Amino acid sequence: MDLPWSAHLPDPSHDWLPADLATGSLTAAWARRWTEDPDRPALWAADRGWVTRRDLERSTAAIAGSLRSGGVAPGDRVLVSAASSIELVESHIGALRAGAVVVPVHTGYTERELGHVVADAEPVVAVLDEPDRLAGVAPDLRVVAPGSGGDAEPPTDGIDIAGPDDPALLPYTSGTTGRPKGVVLRHRNLVAGAAAVVTAWRWTDADRLVLCLPLFHMHGLGVGIHGTLLSGGSAVILPRFEPEAIFDAAAEHEATMFFGVPTMYSRLVDHHRVAELGRLRLCVSGSAPLPADLHVALTDRTGLRVIERYGMTETVMNISNPHDGDRRPGAVGLPLPGVEARIGGGGEEGEIELRGPNVFDGYWARPDATADAFTDDGWFKTGDVGTRDADGYWRIVGRSKELIISGGFNVFPREVEDVLVEHPAVAEAAVAGTPDAEWGEIVTAIVVTEAGATIDHDELRTFCEERLVNYKRPRLVHVVDSLPRNAMGKLVRPDLDALARDLAPG
Ligand code: MLC
Ligand code: AMP
């Protein structure tokens, strides 16, 4: 099939990446940009103003040197958890230039959630903007502030040593067991993932991105930051999603692009300044389904056709609506350069399976989970159910994995259920997603109480707050006499989803 962007690729086959990118690390690809035209602006934040490519090259080399001289060896893990800032990005790049593996962690994680990641990834240093966050979990772990070491003299050797096969990122994602797994992404996976969208979206060094996505997930980090650095473009970093700040930043800095999750677009579409998005060259939506009516409403109010794309922690970006061609509401588009997609089992509808240079090759220290994630012939099983239109456009029509997506964040029911059943009044718990116009889905808990016990909803909320980051906490809690289970005692998830919908208020 002739994809809309294939004419622009050096080779539309599997070996489409230019040789220097295919054989180099992420940091080597960025370094070429930094030396090309060093005075060009790279990143902006309110407290720093514009930082140039030269500034970034220098500070990140210094951070890499200070990590190395502080005992960080190639392959060591560096946990990074901080609000979006230039310093955070500098530490991320510095750790990669030191040859370390960055473990990005949500800033709202509780000690319970942090404890698992620390025990599993065994980081040697943590970059935190709240230095005491790990006090109860890993009191002896060395903690440095974001950007720390950036003022030192850059070293002359010992950095920029990672090659394409070396691990670069270890983000955590849950699954049916409820115990989050580390996803080992190598430099070459991240280069391929970022280069694919840079190519497909015609992202150039003239582009300027308004970036308010959190920088501890693939969307903000692997696409927003890595794509900016690879394209040689620039980014305006905002610490949170705030519509007025987005419109102001876009106008003041003459931005050309905005990336967001559907919840952000659902808020922007009703904003009195929404038409200002129409001044941008490109708006991209991902991380969760963009409802077709929201897509159409955005076009009506801005004149812009949002590009919806489909990605995943394990694969960076997979499928996208085209830049030059039909951006189809309700569809995620066509496989990105280098990516192959098929329907498992070969039917009309089924689990989407993927292959390509962007796809990871294993979970951290979890050979069983790794084996389960791939088919015998080496394709990654996404757990997303898809169909294909006659002209090749993919649609995601469901999920075969147990997953709730709320505001673009993933919630694995088992993880929340495990917390709920620890509560003394709860005998059994099941968690489902209730459809919601703003959040996509909201987390709903259905519980059976211990004999004679009653649920104090405020107290249960506090119990969850102490153990779960905000987006995983149940918004709705229903008490029932029994949960829908099959003859084997297993929860019947579709019946549970229906129950959650029936019990939803209104
Ligand atoms: C915040 N809250 C959420 C929530 N985010 N609840 C459920 N789901 C969420 N996603 C809570 C807050 O703690 C608060 O609780 C209440 O909701 C209202 O808060 P808010 O101020 O309205 O929320 P806000 O801070 O504006 O956050 C909304 C958001 C945020 C959409 C900006 O959720 C967000 O940044 N989402 C982006 C997620 C993302 O980057 N995903 C990429 C994953 S990578 P209370 O109790 O205090 O009232 C991936 C691969 C790919 O999926 O394809 O990209
Ligand atoms: P994560 O593991 O956080 O990277 O989330 C990846 C999951 O987000 C995918 O497996 C999909 O279920 C979902 N996802 C990402 N983009 C889209 C999209 N455009 N439409 C529907 N689901 C999406």
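Residues are numbered from 1 along each chain as its sequence is written, while chains are lettered from A and ligands numbered from 1 in the order in which they are written. Because the model is predicted, local features need pLDDT of at least 70 and side-chain atom pairs count only at pLDDT 80 or more, whereas totals for chains, interfaces and linings use all residues; side-chain values use heavy atoms, with hydrogens and water left out.

Rolling a probe the size of a water molecule over the atoms shows where empty space is left. A cavity here is a set of points, on a 1 Å grid over the protein atoms alone, where a 1.4 Å probe fits but cannot get out, and its lining residues have an atom within 4 Å of a point. Grid points are joined across faces, edges and corners, and a volume is the space filled by probe spheres set on the points. The search of the whole structure finds 3 cavities of 30 Å³ or more.

The largest cavity has a volume of about 140 Å³. It is lined by 14 residues, of which Pro104, Pro171, Tyr172, Phe216 and His217 are the closest to its centre. By class, this lining holds 11 nonpolar, 3 polar and no charged residues (Ala, Val, Leu, Ile, Met, Phe, Trp, Tyr, Cys and Pro count as nonpolar, Asp, Glu, Lys and Arg as charged, and the others, Gly among them, as polar).

The second largest cavity contains about 70 Å³ of space. Its lining includes Val80, Leu88, His92, Pro104 and Phe216. At least two lining residues come from each of strand E3 (77-81), helix H4 (86-97) and strand E4 (101-104); helices (H or I, at least four residues) and strands (E, at least two) are DSSP runs numbered from the N terminus. This lining comprises 9 nonpolar, 2 polar and no charged residues.

Attention now turns to ligand 2. Of the 16 residues around ligand 2, Arg309, Thr313, Asp384, Lys401 and Asn410 come nearest (a residue is near if one of its heavy atoms lies within 4 Å). The shell is made up of 7 nonpolar, 4 polar and 5 charged residues, and strand E15 gives its largest share, 5 residues.

An N or O atom in the side chain of Glu308 is 2.9 Å from a nitrogen atom of ligand 2, and a backbone N or O atom of Arg309 lies 2.7 Å from a nitrogen atom of the ligand. A polar side-chain atom of Asn410 lies 2.9 Å from an oxygen atom of ligand 2.

Notes: 1 Å grid on protein atoms, 1.4 Å probe; cavity = no way out; pocket = protein on both sides within 12 Å on 5 of 7 lines; lining within 4 Å. Polar contact = N/O pair within 3.5 Å; in protein donor to acceptor, adjacent residues only side chain to side chain.
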